[in-house]
Amino acid sequence: MAGYLLRRVIQAALILLGVSFITFMLLYVLPADPVRQIAGRSATSQTVENIRQQLGLDQPLLVQYGRYLGGLIQGDMGRSYLQKTEVASLIASRLPASLLLMAGGILCELLIGLTLGVIAALWRGRPLDQGLMVTSFVAVSAPQFVVGLLLLYVFAVQLGWFPIGGYGTAAHLVLPAITLGIMGSGWYSRMMRSSMIEVLRQDYIRTARAKGLTRRRILFRHALPNAILPIIAMIGIDIGIFMGGMVVVESVFGWPGIGQLAWQAIQRVDIPIIMGVTMVSATAIVLGNLLADIATPFIDPRIKMR
């Protein structure tokens, strides 16, 4: 197990290194000039050039990247061009809100997706199964900003059950979490349906039925624990999907997380913040997949880590 973990850690470090270089290179070739954003429209060319030299943006790409990577290894993500604040501090202040929203979104998609998948598998080939699969396809295809605005209009504006936006109470979390969870629930329901159908065809399920076990006991004791194994890996992947989706959802609901911070930085071409949020998101994806791989053998001892 120690050798496996060491290999995965090395792979994770190489992945993060590649993500940092590709992102830095893409931001370097952007047509937008961050110095112009800092200096303002009325700044003279001399002022612009002075700011460029102060920030080190007049140096070659590899020199800039090497300086950034050296600071990143020491935990220094740089300073925001416009807010004049350490990027690490900005992200740290926003991260708890994003983690709370991510946890709520994952919980919603699991509750919705797994429930619909199990029901569809038990009623396989019937109108209910077909209706649920169509619903899951619509959920996957629906843009998150459309779902978010629709939920806001119905449950916040018309019914007044939840606040329109903001952060601080459980009521503020419900609509953003459901918005995030709806898209993921479609994938989970389809995956859970396929996995459950395969498990229900196994010999040990037929043996359990022959022994006279109740349908509920067969479902929750024997079928569900085995059918849910493919879902574990999906949760790790979902962390990365949520990091991208939260940019839209946090903007719609005014949620003060790193997604909203990233969107504001993109609008202002604040490169240090964009790089910082990208690296935090990439790290979350790598850790999520690693934890999913580690947790799977403990849930099913038949699976070995190699």
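Colleague: What volume does the second largest cavity have, and what makes it a cavity and not a pocket?

Modeller: This is a predicted model, just so you know. The second largest cavity comes out at about 30 Å³.

Colleague: Which residues line the second largest cavity, and how do they divide by class?

Modeller: Its lining consists of Gln83, Leu261, Gln264, Ala265, Arg268, Asp270 and Ile273. By class that gives 3 nonpolar, 2 polar and 2 charged. Arg and Asp count as charged, so Arg268 and Asp270 are the charged ones here. Helix α12 (residues 258-268) supplies the largest share, 4 residues.

Colleague: How many cavities of 30 Å³ or more are there, and what lines the largest one?

Modeller: The search of the whole structure turns up 2. The largest cavity has a volume of about 50 Å³. Among the residues around the largest cavity are Phe162, Gly165, Gly166, His172 and Phe253, and helix α8 (residues 170-200) gives the most, 4 residues. The lining has 7 nonpolar, 3 polar and no charged residues.

Colleague: Why is the contact of arginine 79 with glutamate 86 called a salt bridge?

Modeller: Their side chains come to 3.4 Å, N to O. The limit is within 4 Å, so the pair qualifies. The whole structure has 1 salt bridge.

Colleague: Are arginine 79 and glutamate 86 buried or exposed, or in between?

Modeller: Arginine 79 has a relative accessible area of 45%, and glutamate 86 has 29%. Buried needs under 20% and exposed over 50%, so both count as partly exposed.

Colleague: What makes the ring pair of phenylalanine 21 and tyrosine 65 edge-to-face?

Modeller: The ring centres are 5.2 Å apart, with 80 degrees between the planes. Centres must lie within 6.5 Å and planes over 60 degrees apart, so edge-to-face it is. Phenylalanine 21 sits in helix α1 and tyrosine 65 in helix α4, so the pair ties together parts 44 residues apart in sequence. Tyrosine 65 is buried at 8%, while phenylalanine 21, at 31%, is partly exposed.

Colleague: And why is the pair of phenylalanine 155 and tryptophan 161 called tilted?

Modeller: Phenylalanine 155 and tryptophan 161 have 40 degrees between their planes and 5.8 Å between centres. Stacked needs under 30 degrees and edge-to-face over 60, so tilted is what remains. Tryptophan 161 has a relative accessible area of 57%, which is over 50%, so it is exposed.

Colleague: How do you know on which side of helix α3 the buried residues lie?

Modeller: In α3 (residues 45-55), Val48, Ile51 and Arg52 are buried. They cover an arc of only 100 degrees around the axis, which puts them on the same side of α3. An α-helix has 3.6 residues a turn, so residues three or four places apart point the same way. Gln46 and Gln54, on the other side of α3, are exposed.

Colleague: How much space is in the largest pocket, and which residues are closest to its centre?

Modeller: About 630 Å³. Of its 28 lining residues, Leu55, Leu57, Arg67, Tyr81 and Pro272 are the closest to the centre. The lining divides into 17 nonpolar, 5 polar and 6 charged.

Methods:
Residues are numbered from 1 along each chain as its sequence is written. This is a predicted model: local features need pLDDT of at least 70, side-chain atom pairs count only at pLDDT 80 or more; totals for chains, interfaces and linings use all residues. Side-chain values use heavy atoms; hydrogens and water are left out. Buried means under 20% relative accessible area, exposed over 50%, partly exposed in between (1.4 Å probe, protein chains only). Helices (H or I, at least four residues) and strands (E, at least two) are DSSP runs, numbered from the N terminus. The arc is that of the directions from the helix axis to the C-beta atoms. On a 1 Å grid over the protein atoms alone, a cavity is a set of points where a 1.4 Å probe fits but cannot get out, and a pocket is an open set with protein on both sides within 12 Å along at least five of seven lines; lining residues have an atom within 4 Å of a point. Grid points are joined across faces, edges and corners, and a volume is the space filled by probe spheres set on the points. Rings of Phe, Tyr and Trp (its six-membered ring) pair if their centres lie within 6.5 Å; planes under 30 degrees apart count as stacked, over 60 as edge-to-face and the rest as tilted.
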